[in-house]
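Good morning, and thank you for coming.

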Amino acid sequence: MPSSLRLGLIGSRGQLGSDLLSRTPVGGSRKIEVVPLDRPDFDLTDPRAMDRIREARFDLVVNTSAYNAVDRAETELRECFEMNAFLPRALALACRDAKTALLHFSTDYVMSGGINEEEQIPYTEESCPRPLSVYGLSKATGERLVLAAWERATVVRTCGLYGGRGSGQKGGNFVTTMLGAARAGRPLRVIDDCHVGPTATWDLAEVLWTMILDPPAPGLYHLTNAGSVTWYDFARRIFELAGIEASLSPVSLKEYRPPAPRSPYSVLSNAKAHQAGLVLRGWEDALEDSLRREGVTGGGPSPG
Ligand SMILES: NC(=O)c1ccc[n+]([C@@H]2O[C@H](COP(=O)([O-])OP(=O)(O)OC[C@H]3O[C@@H](n4cnc5c(N)ncnc54)[C@H](OP(=O)(O)O)[C@@H]3O)[C@@H](O)[C@H]2O)c1
């Protein structure tokens, strides 16, 4: 194993990127240098970005950037495919030229829920993607293009990310949106027939560092907090833990009709990651810890 690791982190101020950066291991036997690659200095849409990647000769590039505005994507196909499919392919080719490994991210939105809706069996990496939305299709295309372009690329599919920073493009995340609306006294209608595996970026970042320092074979991996829940039950648990009386009512996917279609079931199996020693705890423990760390619940931030 090399004694040092130089890593280029695209999107270090994003939700996942900021937790990856803050959880950089220190004091180990290996010297780790993380080089943040952020706009405006580093913009993936600028052709010079690929030259920077070729010249920098990183050991690994981690790309957390994406077009994440799921509903807007239905009318912004070009921008969405550019960020989620075509530029990730160009990035993978630049990494190949520089012999730099690549870690890229995808989503449960590549699944339709159609096949597993009845059986509700978590999707494996072998399950055939069948995206329902433009965002899902762009990410599924990106996965394929990245993995085909460079044999040392790894794609991690995850789901329902929430972290302290929140996503700039989404204006937060599900947890911050729920808390903000409830505190403002707004009534909330939340979908109760969509099963997901919400994932704390804090937890994901820890396991990603294990993956980075002791990489399994390249390829596709699912990584989410363990278990599954509907968005409605997730909201209920947030309010229970936060001790907030919210005006919350369930609504079906059919009634709610978001601009971009959602899958009724998009739970991802973590079995392949488990076999590689990559294990995330259950979603409830992760949520409780996250709310404590953000100072939403008592006890103050937990260590570690
Ligand atoms: N959020 C979720 O619920 C979710 C679920 C499943 C999978 N994922 C995937 O997980 C990954 C991380 O998501 P996230 O929630 O952490 O995203 P995020 O918070 O929106 O962060 C994205 C980061 O990418 C940067 N970025 C955007 N366009 C860029 C460009 N042209 N050049 C360079 N940087 C650019 C953003 O910078 P600015 O600050 O300048 O905008 C931001 O730092 C993405 O691939 C996403 O599709 C997310």
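Let us begin with the shell around the ligand, to which α1, residues 15-22, and β4, residues 101-107, each contribute at least two residues. Please bear in mind throughout that this is a predicted model. The largest share of that shell comes from α1, which provides 3 residues. In total there are 25 residues around the ligand, and those that come nearest are Gly11, Gly14, Gln15, Leu16 and Ser65. Sorted by class, the shell consists of 14 polar, 8 nonpolar and 3 charged residues.

I shall stay with α1 for a moment, and turn to its packing against another helix. How do the axes of α1 and helix α6 cross? Helix α6 spans residues 201-213, and its axis comes within 8 Å of the axis of α1, the two crossing at roughly 55°. At that angle, α1 is therefore oblique to α6. The crossing of α1 with α6 is right-handed.

Which residues meet there? From α1 we have Gln15, Leu16, Asp19 and Leu20, and they meet Thr201, Trp202, Leu204, Ala205 and Leu208 of α6. This contact of α1 with α6 comprises 6 nonpolar, 2 polar and 1 charged residues.

The next helix pair is α3, residues 77-98, and α4, residues 134-149. Their axes lie 9 Å apart, and the helices pack at an angle of about 10°. Hence α3 and α4 are roughly parallel to each other. On the α3 side, the contact includes Leu77, Cys80, Phe81, Ala85 and Leu93. On the α4 side, the residues include Val134, Tyr135, Leu145 and Val146. By class, the contact of α3 with α4 divides into 12 nonpolar, 4 polar and 3 charged residues.

Is glutamate 55 buried or exposed? Glutamate 55 has 10 C-beta neighbours inside 10 Å, and it therefore counts as exposed, since the limit for that class is 12 or fewer. Along the chain, glutamate 55 and lysine 99 are 44 residues apart, and their C-alpha atoms are separated by 11 Å.

That concludes the presentation, and I welcome your comments.

How values were computed
Residues are numbered from 1 along each chain as its sequence is written. This is a predicted model: local features need pLDDT of at least 70, side-chain atom pairs count only at pLDDT 80 or more; totals for chains, interfaces and linings use all residues. A residue is near a molecule or strand if its C-beta atom, placed from the backbone, lies within 6 Å of it. Helices (H or I, at least four residues) and strands (E, at least two) are DSSP runs, numbered from the N terminus. Ala, Val, Leu, Ile, Met, Phe, Trp, Tyr, Cys and Pro count as nonpolar, Asp, Glu, Lys and Arg as charged, and the others, Gly among them, as polar. Axes are lines fitted to C-alpha atoms, for helices over the stretch in contact, and angles run from 0 to 180 degrees between N-to-C directions. Angles under 35 degrees count as roughly parallel, over 145 as roughly antiparallel, 65 to 115 as roughly perpendicular and the rest as oblique. A crossing is left-handed if the near helix is turned anticlockwise from the far one by less than a right angle, and right-handed if clockwise. Two residues are in contact if their C-beta atoms, placed from the backbone, lie within 7 Å. A residue is buried if 20 or more other C-beta atoms lie within 10 Å of its own, exposed if 12 or fewer, and partly exposed in between; C-beta atoms are placed from the backbone.
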